[in-house]
Amino acid sequence: DMNTTKFLSSHLPSGKQAIWLAAAAIVVLSIFAASIAWIFDHPYARGWDEATYINWAYLDINVVDKSGFEGLFDFVFRYHRVVPPAFRLVVLPFTFLFGPNVVMLRLVSMFFLALALVFVYLAGKCLAGRYAGIFGVVFLVLCPSVIASGKWYGTEGPLYLAISAMLYFL
């Protein structure tokens, strides 16, 4: 039908735009695929920092089992005030469902990074158009520290999500 063809031709990129969009999608998907492959290939803590956070995930489950959510509140907010508690609390439903293990905790971090990239795209699109959003996503996903923090379990995943969502909603 002519209206559908007209609609599609006005909303789909053509020529060089389509090539750049495909290249951006390939870059983002490749980074995520490589990171996920690395996560499954290295199912152990990469250092003391991540090992501490993984141990806290195990402890959080044990505290809830023994003392309930009141005990968890005391444990997270009163006794371990060294780091922001959000990364521990947002992963808690996943640890209840799947148990605290390194692969699952890292996949949750990847999930938060993916959500953060969605908000980066939306913020860029609002500010300067669709291609600015795409550029922001590619630029961020190619940053080595973002790639590293996306595939490790730590405080950065929820932090990236919070910052990117805040920038979008401003």
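Reader: Which residue lies over the face of Trp-152, and at what distance from the ring centre?

Author: In this predicted model, the ring of Trp-152 has a charged residue over its face, and that residue is Arg-46. A charge counts as sitting over a ring when, among other conditions, it is within 6 Å of the ring centre. Arg-46 lies over the face of Trp-152 at a distance from the ring centre of 3.6 Å.

Reader: Over which ring does the charged end of Lys-151 sit?

Author: The charged end of Lys-151 is placed 4.5 Å from the centre of a ring. The ring over which this charged end sits belongs to Trp-38.

Reader: How many aromatic pairs does the count come to, and what kind of pair do Tyr-53 and Phe-87 form?

Author: The count comes to 11 aromatic pairs. For Tyr-53 and Phe-87, the centres are 4.8 Å apart and the angle between the planes is 65 degrees. Planes over 60 degrees apart count as edge-to-face, and the pair of Tyr-53 and Phe-87 is accordingly described as edge-to-face.

Reader: How many residues apart are Tyr-53 and Phe-87, and in which helices do they lie?

Author: This pair links distant parts of the chain, with the two residues 34 apart. Tyr-53 belongs to helix 3, residues 48-79, while Phe-87 belongs to helix 4, residues 86-98.

Reader: Why is the pair of Phe-119 and Tyr-168 described as it is?

Author: A pair of aromatic rings is described by the distance of the centres and the angle of the planes. The ring centres of Phe-119 and Tyr-168 are 5.9 Å apart and the planes stand at 45 degrees, so the pair is tilted.

Reader: Where in the chain do Phe-119 and Tyr-168 lie, and is Tyr-168 buried or partly exposed?

Author: Phe-119 is in helix 5 and Tyr-168 is in helix 8, residues 156-169, so that the pair links parts of the chain 49 residues apart. Phe-119 has a relative accessible area of 19% and is buried, because buried means under 20%. Tyr-168, with a relative accessible area of 27%, is partly exposed.

Reader: What distance does helix 5 reach from its first C-alpha to its last?

Author: Helix 5 runs over residues 102-128 and has 27 residues. At 1.5 Å a residue the expected reach is 39 Å, and the helix in the model comes close to that expectation, with a reach from first C-alpha to last of 39 Å.

Reader: Which residue caps the N-terminal end of helix 5, and which residue just after helix 5 takes a positive phi?

Author: At the N-terminal end, a side-chain oxygen of Asn-101 lies 3.2 Å from the backbone nitrogen of Val-103, and Asn-101 is the cap. Just after helix 5, a positive phi of about 110 degrees is taken by Gly-129.

Reader: What is the volume of the largest cavity, and which helix gives the largest share of its lining?

Author: The count comes to 1 cavity of 30 Å³ or more, and the largest cavity has a volume of about 40 Å³. Its lining is made by Ile-31, Phe-32, Ser-35, Met-110, Leu-113, Val-141 and Ile-147. Helix 2 (16-41) and helix 5 each supply at least two of the lining residues, and the largest share, 3 residues, comes from helix 2.

Reader: How far apart in space are Asp-60 and Phe-96, C-alpha to C-alpha?

Author: Asp-60 is found in helix 3, where its relative accessible area of 2% makes Asp-60 buried. In sequence, Asp-60 and Phe-96 are 36 residues apart, whereas in space their C-alpha atoms are separated by 9.9 Å.

Reader: Is Asp-49 buried or partly exposed?

Author: Asp-49 also has a place in helix 3, and its C-alpha is 9.3 Å from that of Tyr-153, a residue 104 positions away in sequence. With a relative accessibility of 26%, Asp-49 counts as partly exposed.

Terms used:
Residues numbered from 1 in each chain as written. Predicted model: local features only at pLDDT ≥ 70, side-chain atom pairs only at ≥ 80, totals over all residues. Heavy atoms only, no water. Helix = DSSP H or I, 4+ residues; strand = E, 2+ residues; numbered from the N terminus. Expected span 1.5 Å × (residues − 1). Polar contact = N/O pair within 3.5 Å; in protein donor to acceptor, adjacent residues only side chain to side chain. Phe/Tyr/Trp six-rings, centres within 6.5 Å; stacked < 30°, edge-to-face > 60°. Buried < 20%, exposed > 50% of the residue type's maximum accessible area, 1.4 Å probe, protein only. Lys NZ or Arg CZ within 6 Å of the ring centre and 35° of its normal. 1 Å grid on protein atoms, 1.4 Å probe; cavity = no way out; pocket = protein on both sides within 12 Å on 5 of 7 lines; lining within 4 Å. Points joined across faces, edges and corners; volume = space filled by probe spheres on them.
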